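This report concerns a cavity lining, a helix contact and the confidence of the model. The structure is shown first.

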Amino acid sequence: MGMMARKKTVVLYPGFGVGHLTPMLELAKVFLRHAGDSLDVAVALAEPPIMSAGFHAAVARAQAANPSVSFHILPTPAAGEPKVEEEPLVTIIRFLRATNAPLRDFLRSHSPPAAALVLDMFCADALDVAAEHALPAYFLFPSGASGLAVFLALPAARAAIGGAGGFGSLGADAVLTFHGAPPLRVSELSQGLAEDGESCRAMLRVAARMPVGARGILINSFEALEPRAMEALRDGRCLPDSPTPPVYCVGPLVSPGGAADDDDRHECLRWMDAQPDRSVVFLCFGSLGAFPKHQLAEIAAGLESSGQRFLWVVRSPHPPGAAVATAGEESFDEAELLPAGFKERTKDRGLVVNSWAPQVDVLRHRAAGAFVTHCGWNSTLEGVAAGVPLLCWPLYAEQKMNKVRIVEDMRLGVGMEMDGEGFVKAEEVEKKVRWVMEGGDGEVRELRKRVAKAKELAAEAVEEGGPSDLAFVEFLKDLFEASHQGLVHV
């Protein structure tokens, strides 16, 4: 492979949010493994005006765990305060557009010079900065091949409906079909798309811009997990009227875990050491997943009556009237939030953890038996790579769509039944937890077989010479070629 004459830097720009930083960090490790002698890796970060809970803690953890990667928090641009009543997604995209100015300054002053930019999907406006610097720009799409197939098709699908009202005008239960994805109800589209408001328009602009400006799109998935979606993307069926950039399936980009010394191990892992193999249900709902008190009470009652062992990560409920996006990592009062006597009655078989647990290590622990998840894509892949069945409880963003993919397409989990408000009753928690853990029927045995096979394929994908490893080598060839084409570095 032709290497560059002098060392340059690949700049990863994950935009905002811990969920978008995580796969970028894993991508940084792949860069260093394959091209560390010829490329430095820098991560440029913007501290968001909203959804900033845990930002500095996450960056500090990332820096400590990735000493070979340089981290730069860009100066906050003068983007103005979030407008009253502005939808969070609109605030974020507007903020990231304003962050083009500090990103431009960073690229101009950085040494060694940049060879390429890898952008998060919401940083599509940074394509302007890449063009000014004559830098090849790639995207890391954070939500799998099927998610990308739907995302790229959205502008044309919305145009086909015409008129005001958009997807929502079809009705919540109307079924939409996209190449490479299972059928989706309107209510299962990513948050904000069903209403024809500013969020929808902002998302459609990103979806329209990404394939035009990108030299390639990296996907955090592996071919064997989503063969139908990869085929549709390769054949150009998701964008029938314009070319689809090359798509590289380079995942699963998940942390291998297990780095902490015994002394530093989280208390929950020591607790799991004392549990039998595959006996613990792990409940964790992502960096923004918090429930109101009445839902916590239902989960507690369901876990208690199930008789199963459990490890449950609980976050404080949001203050009344606060958006989901403002969840913090503040400590919570168990006596205040959980039913009286719950902890005492379940102390021999359950552990409640405040706010955060080392999820990858928990899922890969021999005692992990099932994962009740919000279906964030990183969590989904961590569950798949660990070989644990998924009980799907989607909350926000594109998680309802991910749930459909997990249940219908990948067949690696089942959904939790919920009412129209997303509320899950104690009886449903008990029923699903017992079903997956007691595993008496053939359906559960088949599910566990599929999950074990997916774990095997996930590991093979990223091994040297595996499909995702080879796809990354292809991408790297393209990046070196692009940075050799006499591009000007300012």
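## Cavity lining

Strand S11 (residues 309-314) contributes the most to the lining of the second largest cavity, namely 3 residues. Strands (E, at least two residues) are DSSP runs numbered from the N terminus, as are helices (H or I, at least four). The cavity is lined by Phe 285, Gly 289, Ala 290, Phe 291, Leu 296, Trp 312, Val 313, Val 314 and Arg 315. These lining residues divide into 7 nonpolar, 1 polar and 1 charged.

The volume of this second largest cavity is about 40 Å³, and the count comes to 2 cavities of 30 Å³ or more. On a 1 Å grid over the protein atoms alone, a cavity is a set of points where a 1.4 Å probe fits but cannot get out, and lining residues have an atom within 4 Å of a point.

## Model and confidence

The model is predicted: local features need pLDDT of at least 70 and side-chain atom pairs pLDDT 80 or more, while totals for chains, interfaces and linings use all residues. Residues are numbered from 1 along each chain as its sequence is written, and side-chain values use heavy atoms, without hydrogens and water.

The average pLDDT (the predictor's confidence in each residue, from 0 to 100) is 90, and 92% of the residues score at least 70. Residues 1-5 have a pLDDT below 50.

## Helix contact

The axes of helix H17 (residues 442-462) and helix H18 (residues 467-484) come within 4 Å and cross at roughly 30°. H17 is therefore roughly parallel to H18 (angles under 35 degrees).

Notes. Axes fitted to C-alpha atoms, helices over the stretch in contact; angles between N-to-C directions. Parallel < 35°, antiparallel > 145°, perpendicular 65-115°, else oblique. 1 Å grid on protein atoms, 1.4 Å probe; cavity = no way out; pocket = protein on both sides within 12 Å on 5 of 7 lines; lining within 4 Å. Points joined across faces, edges and corners; volume = space filled by probe spheres on them. Nonpolar A, V, L, I, M, F, W, Y, C, P; charged D, E, K, R; others polar. Contact = heavy atoms within 4.5 Å.
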